[in-house]
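Please read them with the structure open.

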Amino acid sequence: MRLPGTLTMQQAAAASRELDAAAAGGSGPFTVDASPLAAMDTAAIAVLMQARRASEAAGRPFSVSGAPAKLVQLARLYGVAGLLGLDGFGNSSPSLPSPGVESAPAGSA
């Protein structure tokens, strides 16, 4: 199943319904292709988490393929990258600091 190019709060309900139906209507691994995503907000994370729940309820392994960097960053920010199978994506990019936490210069205490 491919995600749309835009997945924000406005598209979330429709996308979630489509993913739920696709997860329930098949067998074997359920893979969501996120490569079309160009515009997204945190609703994309909520939709993918719901798709994961629907896939598990149907007894199907869940995965996300083609995740753009912004999606991976959002998943890491919300602590769900591992749940969505995105923890291995984009490890070559520098890690983002935690919100509200500043890095101390090396050698300072």
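**Notes on the fold and selected residues**

1. Start with Arg52. Leaving aside neighbours within four places in sequence, Arg52 is in contact with Phe62, Leu83 and Leu84. Arg52 lies in helix α2. Its relative accessible area is 18%. The cut-off for buried is under 20%, so Arg52 counts as buried.

2. A word on the source. This is a predicted model. Please read every distance and angle below with that in mind.

3. Overall layout. The protein chain has three helices and four strands. From the N terminus on, the order of elements is β-α-β-β-α-β-α. The chain has 109 residues, and 33% of them count as buried. Take the contacts with a separation of 6 or more: residues 24 or more positions apart account for 72% of them.

4. Helix pair α1 and α2. Two packed helices are described by the angle between their axes and the distance between the axes. Here α1 runs over residues 9-24, and α2 over residues 43-57. Their axes come within 9 Å and cross at roughly 15 degrees. Angles under 35 degrees count as roughly parallel, so α1 and α2 are roughly parallel to each other. The crossing of α1 past α2 is right-handed.

5. Residues in that contact. On the α1 side they are Met9, Ala12, Ala15, Ser16, Leu19, Asp20 and Ala23. On the α2 side they are Ala43, Val47, Gln50, Ala51, Ala54 and Ser55. By class, the contact of α1 with α2 has nine nonpolar, three polar and one charged residues.

6. Asp20 in more detail. How exposed is Asp20? Its relative accessibility is 25%, so Asp20 counts as partly exposed. Asp20 sits in helix α1. Beyond neighbours within four places in sequence, Asp20 is in contact with Gln50, Ala51 and Ala54. The C-alpha atoms of Asp20 and Arg53 are separated by 8.8 Å, and the two residues are 33 apart along the chain.

7. Helix pair α2 and α3. Helix α3 covers residues 69-77. The axes of α2 and α3 come within 10 Å and cross at roughly 75 degrees. The range 65 to 115 degrees counts as roughly perpendicular, so α2 and α3 are roughly perpendicular to each other. Ala44, Ile45 and Leu48 of α2 make this contact with Leu71, Leu74 and Ala75 of α3. By class, the contact of α2 with α3 has six nonpolar, no polar and no charged residues.

8. Is Thr8 buried or exposed? Thr8 is buried, with a relative accessible area of 16%. Its place is in the loop between β1 (6-7) and α1. The side chain of Thr8 makes a polar contact with the side chain of Gln11, at 2.6 Å. Not counting residues up to four places away in sequence, Thr8 touches Ala39, Met40, Asp41 and Ala43.

9. Ser35, in a loop. Ser35 lies between β2 (30-33) and β3 (39-40). With a relative accessible area of 42%, Ser35 is partly exposed. Which residues does Ser35 touch, not counting those up to four places away in sequence? They are Arg2, Ser65 and Gly66. The C-alpha atoms of Ser35 and Arg2 are separated by 7.8 Å, with the two residues 33 apart along the chain.

10. Ser65, a partner of Ser35. Ser65 is one of the residues that Ser35 touches. Its place is in strand β4, residues 62-65. At 27% relative accessibility, Ser65 counts as partly exposed. The C-alpha atoms of Ser65 and Ala34 are separated by 5.9 Å, and these residues are 31 apart along the chain.

Key
Residues are numbered from 1 along each chain as its sequence is written. This is a predicted model: local features need pLDDT of at least 70, side-chain atom pairs count only at pLDDT 80 or more; totals for chains, interfaces and linings use all residues. Side-chain values use heavy atoms; hydrogens and water are left out. Helices (H or I, at least four residues) and strands (E, at least two) are DSSP runs, numbered from the N terminus. Buried means under 20% relative accessible area, exposed over 50%, partly exposed in between (1.4 Å probe, protein chains only). Contact means heavy atoms within 4.5 Å. Axes are lines fitted to C-alpha atoms, for helices over the stretch in contact, and angles run from 0 to 180 degrees between N-to-C directions. Angles under 35 degrees count as roughly parallel, over 145 as roughly antiparallel, 65 to 115 as roughly perpendicular and the rest as oblique. A crossing is left-handed if the near helix is turned anticlockwise from the far one by less than a right angle, and right-handed if clockwise. Ala, Val, Leu, Ile, Met, Phe, Trp, Tyr, Cys and Pro count as nonpolar, Asp, Glu, Lys and Arg as charged, and the others, Gly among them, as polar. A polar contact is a pair of N or O atoms within 3.5 Å; within protein, one must be able to donate a hydrogen and the other to accept it, and residues adjacent in sequence count only if both atoms are side-chain atoms.
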